[in-house]
Amino acid sequence: MTRGRCGSAPGRFTTVSSPRNPGARVAALVLAAGESRRLGRLKQLVVRDGRTLLERTIRAATDAGACNVVVVLGACADAIETSMPALP
């Protein structure tokens with residue numbers, strides 16, 4: 001098994017449930033496992049208009065009707081998971 005530059009093993013995931021769409025039967029899969037080597041910092045944590053790109057993606061999925069959002073993490077999973085939003 002290879003490790004990312006932050007030392008976290010690839011293939012980790014977490015699920016974000018959305019109480020906004022309790023009866024929905026749609027789930028979303030967000031692939032956020034990249035190391036962002038070309039950017040030089042974690043793309044998932046880049047802030048635009050006051051929210052991280054990962055938060056914007058999760059909110060877009062729930063706004064589109066997803067009842068569960070599965071976020072696949074790899075490189076720097078601990079840092080990314082810690083910063084994931086708690087959705088209302």
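Which residue just after H1 takes a positive phi? Gly 65 does, with a phi of about 115°.

**Figure 1. The whole chain is shown as a predicted model.** Residues are numbered from 1 along each chain as its sequence is written, and in this predicted model local features need pLDDT of at least 70, side-chain atom pairs count only at pLDDT 80 or more, and totals for chains, interfaces and linings use all residues. Side-chain values use heavy atoms, with hydrogens and water left out. The protein chain has 2 helices and 5 strands, in the order β-β-β-β-α-β-α from the N terminus on. Helices (H or I, at least four residues) and strands (E, at least two) are DSSP runs, numbered from the N terminus. Of the 88 residues in the protein chain, 39% are buried; buried means under 20% relative accessible area, exposed over 50%, and partly exposed in between (1.4 Å probe, protein chains only). Among contacts (heavy atoms within 4.5 Å) with a separation of 6 or more, 77% join residues 24 or more positions apart.

Figure 2. The buried residues of H1 are Leu 54, Glu 55, Ile 58, Arg 59, Ala 61 and Thr 62. An α-helix has 3.6 residues a turn, so residues three or four places apart point the same way.

**Figure 3. Leu 54 sits in the largest nonpolar core.** A nonpolar core is a set of buried Ala, Val, Leu, Ile, Met, Phe, Trp, Tyr and Cys residues joined through side-chain atoms within 4.5 Å. The largest one has 15 residues, and Leu 54, Val 69, Val 71 and Leu 73 have the most contacts inside it. E2, H1, E5 and helix H2 (77–83) each give two or more residues to this core. Leaving out residues up to four places away in sequence, Leu 54 touches Val 30, Ala 32, Gln 44, Val 71, Ile 80 and Met 84.

**Figure 4. Leu 29 and Val 70 are in contact.** Leu 29 lies in strand E2, and Val 70 in strand E5 (residues 68–73). Their C-alpha atoms are separated by 4.8 Å, although the two residues are 41 residues apart along the chain. Leu 29 also contacts Val 72, when neighbours within four places in sequence are left aside. With a relative accessible area of 58%, Leu 29 is exposed, whereas Val 70, at 22%, counts as partly exposed.

**Figure 5. Asp 49 and Cys 76 are two loop residues with positive phi.** Asp 49 is in the loop between strand E3 (47–48) and strand E4 (51–52), and its phi is near 55°. Cys 76 is in the loop between E5 and H2, with a phi of about 60°. Neither residue is a glycine. Asp 49 counts as exposed because its relative accessibility is 65%, while Cys 76 is buried at 2%.
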